[in-house]
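Hello,

Here is the structure I promised to pass on. Please open it first, then read my notes below with the model beside you.

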Amino acid sequence: MKQDLAGRRLVVTGAARGIGAEVARVAAARGARLALLGLEPDRLREVAHALGPDASWRTADVRDGAALKAAIDDCAQTMGGIDIIVANAGVAAYGTVRQTDDASFERVLDINLNGVFRTLKYATPHLERSRGHAMVVSSALAFMPLASMAAYGASKAGVEMLTLAYRQEVAHLGVTVGLVHPSWIDTDIVRGAEGDLPSFQDLRRRLPYPGNVTTSVDQAAAAIVDGLVRRRSRVYVPRAIAAANWAKAAVNSPLAWPWARRFAARAVPTLEREVEALGRHNQLVPGMDNPTGSTGPSRPGT
């Protein structure tokens, strides 16, 4: 495998599983030195151990600014700096706007949006010194609204605007910034939603292409790492999502509204009944919703 990230010092948030863990594996195979941040110490330790003796890990919650800053600073001290950061941590919630409880909606925004803000804020001094690159994971739902996913879509649309503003703010420092827009990736978030809400899989199937495509996590990670190597400003997974971004005015226009209204009228009542039967709005997150999980900072380990 090409060693085009040889010597590059990379920090990944949400690195215990899913996209974050796979990005770490692919980047390490291409020569990067990794520091992993997340909420599951056992899984972080396992991923770091598989990456080799130069990889380290720390538990940190992106909702806790002081703990996150300490973890990022500690990563920089351990590695001698930070060249790249991937802001990947994120969660989902269930329910329509009228149905979702306030705390669940706020939780999604605090992790997905405010967590990215904190990650970028505390990584900036290190990226300035290295003239490095930040890659932020947004979503195709940043520009493709979907009934019953208002909290997630709002957070990811906010992430896009936050990141685009941040890109302007740090350009004169020599820092480059990219956005990732995945569609459905075969991760715990998607599988968890399908397990909790039986109609969710059918909803995804009825979306027009490329909204009905599920991409493997290894394909997503490979595309993201290619974007890191080339310092790309946008990474779309799959690539066809780019067309949806460029066509978002049409997607959200009065012309498309009759279809969207029919689609939602069929999907929303069933989804609301399933959420009510489930009895919760949060998608359970290992390490965050598991009482045995750790959310405090720890020393690095391998």
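**Helix 4 and its partners**

The crossing of helix 4 and helix 5 is right-handed. This is a predicted model, so please keep that in mind throughout. Helix 4 covers residues 102-130, and helix 5 covers residues 150-170. Their axes lie 8 Å apart, at an angle of about 20°. Angles under 35 degrees count as roughly parallel. Helix 4 and helix 5 are therefore roughly parallel to each other.

Which residues of helix 4 and helix 5 meet? On the helix 4 side they are Phe105, Val108, Leu109, Asn112, Leu113, Val116, Phe117, Leu120, Thr124 and Leu127. On the helix 5 side they are Ala150, Ala151, Tyr152, Ser155, Lys156, Gly158, Val159, Leu162, Tyr166 and Val170. Sorted by class, this contact has 15 nonpolar residues, four polar ones and one charged one.

Helix 4 also packs with helix 3, which spans residues 65-79. Here the angle is about 35°, and the axes are 10 Å apart. The crossing of helix 3 and helix 4 is right-handed. Helix 3 brings Gly65, Leu68, Lys69, Ile72, Asp73 and Ala76 to the contact. Helix 4 brings Gly115, Arg118, Thr119, Tyr122, Ala123 and His126. By class, the contact of helix 3 with helix 4 has five nonpolar, four polar and three charged residues.

**Aromatic pairs**

How many aromatic pairs are there? The count comes to two.

Trp184 and Phe200 form an edge-to-face pair. Their ring centres are 5.5 Å apart, with 90° between the planes. This pair links distant parts of the chain. Trp184 sits in strand 7 (residues 184-185), and Phe200 sits in helix 7 (residues 200-205). The two are 16 residues apart. Trp184 and Phe200 are both buried.

Trp259 and Phe263 form a stacked pair. Their centres are 5.0 Å apart, with 25° between the planes. Both belong to helix 11 (residues 257-278). They are four residues apart there, so about one helical turn separates them.

Are Trp259 and Phe263 buried or partly exposed? Trp259 has 38% relative accessibility, so Trp259 counts as partly exposed. Phe263 has 7% relative accessibility, so Phe263 counts as buried. The cut-off behind this is simple: buried means under 20%.

**Two residues to look at**

Start with Arg204, which lies in helix 7. Arg204 counts as buried because its relative accessibility is 7%. Which residues does Arg204 contact, leaving aside neighbours within four places in sequence? They are Trp184, Val190, Glu194, Gly211, Asn212 and Thr214.

Then find Lys248, in helix 10 (residues 248-251). Lys248 has a relative accessible area of 33%, so Lys248 is partly exposed. Not counting residues up to four places away in sequence, Lys248 touches Phe143 and Glu160. Now look at Pro145. Lys248 and Pro145 are 103 residues apart along the chain. Their C-alpha atoms are separated by 9.8 Å.

Best wishes

Note on methods
Residues are numbered from 1 along each chain as its sequence is written. This is a predicted model: local features need pLDDT of at least 70, side-chain atom pairs count only at pLDDT 80 or more; totals for chains, interfaces and linings use all residues. Side-chain values use heavy atoms; hydrogens and water are left out. Axes are lines fitted to C-alpha atoms, for helices over the stretch in contact, and angles run from 0 to 180 degrees between N-to-C directions. Angles under 35 degrees count as roughly parallel, over 145 as roughly antiparallel, 65 to 115 as roughly perpendicular and the rest as oblique. A crossing is left-handed if the near helix is turned anticlockwise from the far one by less than a right angle, and right-handed if clockwise. Contact means heavy atoms within 4.5 Å. Ala, Val, Leu, Ile, Met, Phe, Trp, Tyr, Cys and Pro count as nonpolar, Asp, Glu, Lys and Arg as charged, and the others, Gly among them, as polar. Rings of Phe, Tyr and Trp (its six-membered ring) pair if their centres lie within 6.5 Å; planes under 30 degrees apart count as stacked, over 60 as edge-to-face and the rest as tilted. Buried means under 20% relative accessible area, exposed over 50%, partly exposed in between (1.4 Å probe, protein chains only).
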